[in-house]
Amino acid sequence: AMAVASRRQGIHATHLPLPDVYSTQLARNVASGKECIPALLVLGSVLQFFKNNSPDKGEDIFVVFVPSTLGPCRTGQYHVFFDRLFEDMGWENVALLVANSENSYRELGPTFNRDVWRGMVLGDYFADIRNALQLLARDPEAAQALFEAVWQDVMDAFLAGPDELERELRRTAERLSLLPRKARLEDLRKVLVVGEIYVRRDNFSVGELSRMLISKGIYPKVTGITEWFHYTDFARKFIMEGRRKREGWLRTLLDGGLKDEAVFLVEKFWKEAVEEKIAEILRPTGLIPHVPHDMDEVIGEGHKMFVDPELESEATVSPAVGAAAMQEGYSGVAIIAPFGCLPGRLIEGVYAPWAKARGYPVLALENDGQPYPPNILSRMEVFSHNVLRFEPTERPAERPLWRQWAERAGLSMFA
């Protein structure tokens, strides 16, 4: 989806090959052994791509897009490591494009950002649909074939433009709704997978956990990339509001701070409207699970029990979202992070005791790119049995979108 979003802007783009054991070993061959697994997985995919597409031939210039962030995470050093490595390898035609989380990765402009947002929303929802079909379809192989076909049709429509995308999504929803099923998503036990942003969303890293849960009849709701963007928007808002409180309304107005807040509010409402529109189209398929991602509400409640918003990382949002999910119909939370990841261990340190004190099933895993040993597989088995025995809390009725917007904008009299 990101490659399609780039091609819509006239950029010749391709997605990197999915990580595997071979590509990960390519990265380990040139690394020190101290890097976390997301850095190795991304680097391995880059090295595998250039193994098949040499950057030394021809006059093409290759740009590798790398996200960065501040806070207690090594993500901010990935691009430094990659840049020095590519220089040592003599790849003069390879450059890095680094985007930062502090401005919600807005370096490439509003038009590109709009397409990227649509692409991420589509990717998250269709990943949910793919997992749901493995559990619900009477014929999983036929369902997978249909999924691949409709996903390609949706990507072709995405390339054509928003209007064609909406029409194709409606056709896709009809096709998926006709699939014969053996159960309903509402009747399944659901586990929310949270943790470090990369490994929880990378199929190579989270695949073993997902397959284990699916084999037990449990739906693994892998927290999407869009949640991270909702959180970076929350962090931007938190910083802007803090600045206004420190400097006062007049100074903030003169320095352009109020204009920034107004632009942010428009962006936020647009993102939520696009996400809700796509969800509204796909929801009738019965393959889209609910997950709490209203950051104002989730973190507003979660910071009382977990991590203060001043600490900007996954450790701020994941425990709060996990706690909210347990109040809204989920039967367990799985925390996955790279081996030795500080945010991952912080998430486990604050959420796991809270969950265990309430009898909520919780599992914490660390991934280093290798298959899990037998003792970890046994923990996963125990967790699955605890999830199946757990009686989830009934999810409260969802408020209308206009009411949620009014509350977030501070217009409670209209909510």
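This is a predicted model: local features need pLDDT of at least 70, side-chain atom pairs count only at pLDDT 80 or more; totals for chains, interfaces and linings use all residues.

**Entry 1: a loop residue**

I started with threonine 285, which I found in the loop between H10 and helix H11 (295-302). Helices (H or I, at least four residues) and strands (E, at least two) are DSSP runs, numbered from the N terminus. Residues are numbered from 1 along each chain as its sequence is written, and side-chain values use heavy atoms, with hydrogens and water left out.

Is threonine 285 buried or exposed? I noted a relative accessible area of 2%, so threonine 285 is buried. Buried means under 20% relative accessible area, exposed over 50%, and partly exposed in between (1.4 Å probe, protein chains only). Not counting residues up to four places away in sequence, threonine 285 touches Ala173, Leu176, Ser177 and Arg181. Contact here means heavy atoms within 4.5 Å.

**Entry 2: two helices side by side**

Next I looked at helix H5 (residues 110-136) and helix H10 (residues 257-282), which pack at an angle of about 35° with their axes 10 Å apart. Axes are lines fitted to C-alpha atoms, for helices over the stretch in contact, and angles run from 0 to 180 degrees between N-to-C directions. Which residues make the contact? From H5 I listed Arg114, Trp117, Arg118, Val121, Leu122, Tyr125, Phe126 and Ile129. From H10 I listed Trp270, Lys271, Val274, Glu275, Ile278, Ala279 and Leu282. Sorted by class, the contact of H5 with H10 has 11 nonpolar, no polar and 4 charged residues. Ala, Val, Leu, Ile, Met, Phe, Trp, Tyr, Cys and Pro count as nonpolar, Asp, Glu, Lys and Arg as charged, and the others, Gly among them, as polar.

I also checked aspartate 128, whose place is in helix H5. Its relative accessible area is 3%, so aspartate 128 is buried. Leaving aside neighbours within four places in sequence, aspartate 128 is in contact with Tyr219, Lys221, Val222, Leu287 and Pro289.

**Entry 3: the sheet**

Then I traced an open sheet of 4 strands in the order E4-E3-E5-E6, with parallel pairing. Two strands pair if DSSP finds at least two bridges between them. The edge strands are E4 and strand E6 (362-367), each pairing on one side only. From one strand to the next, the twist averages 25°. Helix H14 (residues 374-389) lies across E3, E4, E5 and E6, and runs at about 150° to E6.

Why is strand E3 (residues 189-195) largely enclosed by the rest of the structure? Because 7 of its 7 residues are buried. In a regular strand the side chains alternate between the two faces of the sheet. For E3, I put Arg189, Val191, Val193 and Gly195 on one side and Lys190, Leu192 and Val194 on the other.

E3 pairs with strand E4 (residues 218-222) in the parallel sense over 5 bridges, and lysine 190 has tyrosine 219 as its bridge partner in E4. On the other pairing I noted, 5 bridges join E3 to strand E5 (residues 332-338) in parallel, with valine 333 in E5 as the bridge partner of leucine 192. E4 is mostly covered too, as 5 of its 5 residues are buried.

**Entry 4: a last residue**

I finished with valine 191, which lies in strand E3. Valine 191 counts as buried because its relative accessibility is 0%. Leaving aside neighbours within four places in sequence, its contacts include Leu213, Ile218, Tyr330, Phe383 and Val387. I also noted that valine 191 and phenylalanine 82 are 109 residues apart in sequence and 35 Å apart in space, C-alpha to C-alpha.
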